[in-house]
Amino acid sequence: MTSSVLTVLRPGLVDYLEAWEEQKRLHEGVVAGTQPDTVLLLEHPSVFTAGKRTEAADRPFDGTPVVDVDRGGRITWHGPGQIVGYPILKLPDPVDVVAYVRRTEQLLIDVCAEFGVVAERVEGRSGAWVRATDGGLDRKIAQIGIRVSRGVTLHGFALNCDCDLSNFNRFVPCGIRDAGVTSLSAEVGRPVPVTEVLPVVERHLTTLL
């Protein structure tokens with residue numbers, strides 16, 4: 001999909017390192033002005049990625065390999081049933097990274113709302129959260145990890161649709177030990193596949209601008 005402000009690519013299931021190379025290629029084009037602002041919306045085969053703040057104790061307990069990357073944040077899992085979004089956008093001057101993160105959170109909150117899931121921000125923790133109402137733990141439904149280089153964004157967000165949440169039991173998600181993880185399917189009590197959520201995410205992408 002191409003609009004006057006954004007090009008959206010949906011390449012399907014893409015290996016993480018292959019997608020990372022494509023991000024870097026697009027980033028060079030957006031920096032140079034030869035490529036319009038572009039968002040990749042895709043899924044990854046199962047993979048753990050670790051941002052710059054990841055600690056040794058956060059990593060998978062079973063020794064599963066981890067891809068170390070140059071985004072902010074700590075460790076997370078990507079895999080089938082999860083929409084991963086990589087916006088490659090030129091931010092307005094002066095660059096305000098925090099404001100961009102807040103816009104990304106709003107996008108995710110608005111998408112969740114369309115499925116009847118009340119997500120919100122948690123002070124000091126990026127992403128979108130479903131707050132505990134029964135004395136249990138807050139549950140993270142979407143994560144954010146970004147980098148800004150030469151005024152243009154890299155990496156992005158991941159929204160759990162109908163992924164296997166047991167993958168998050170193999171490590172400390174985002175380095176947070178006092179919270180849980182959830183998905184749209186878990187919250188609404190029915191399968192909510194990526195194919196159903198993709199057009200909703202795409203419709204809300206202009207929130208990032």
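Predicted model: local features only at pLDDT ≥ 70, side-chain atom pairs only at ≥ 80, totals over all residues.
Trainee: Okay, in what order do the 3 strands of the open sheet come?
Mentor: The order is S4-S3-S5, and the pairing is mixed.
Trainee: Which ones are the edge strands?
Mentor: Those are strand S4, residues 67–68, and strand S5, residues 75–78. Each of them pairs on one side only.
Trainee: And how many bridges join S3 to S4?
Mentor: There are 2 bridges, and the two strands run parallel. S3 covers residues 47–50. If you look at Thr 49, you'll find Val 67 of S4 opposite.
Trainee: Switching topic, where is Asn 167?
Mentor: Asn 167 sits in the loop between strand S10 (152–160) and strand S11 (180–181).
Trainee: Is Asn 167 buried or exposed?
Mentor: Asn 167 counts as buried because its relative accessible area is 10%, and the cut-off for buried is under 20%.
Trainee: So what does its side chain reach?
Mentor: The side chain of Asn 167 gets to the backbone oxygen of Asp 164, at 2.9 Å. Setting aside neighbours within four places in sequence, Asn 167 also contacts Ser 46, Phe 48 and Trp 77.
Trainee: One more: which strand is Arg 125 in?
Mentor: Arg 125 belongs to strand S8, residues 125–130. Its relative accessibility is 24%, so Arg 125 is partly exposed.
Trainee: How far apart are Arg 125 and Gly 73?
Mentor: In sequence they're 52 residues apart, while in space their C-alpha atoms are 9.9 Å apart.

Key:
Residues numbered from 1 in each chain as written. Heavy atoms only, no water. Pairing = 2+ DSSP bridges. Helix = DSSP H or I, 4+ residues; strand = E, 2+ residues; numbered from the N terminus. Buried < 20%, exposed > 50% of the residue type's maximum accessible area, 1.4 Å probe, protein only. Polar contact = N/O pair within 3.5 Å; in protein donor to acceptor, adjacent residues only side chain to side chain. Contact = heavy atoms within 4.5 Å.
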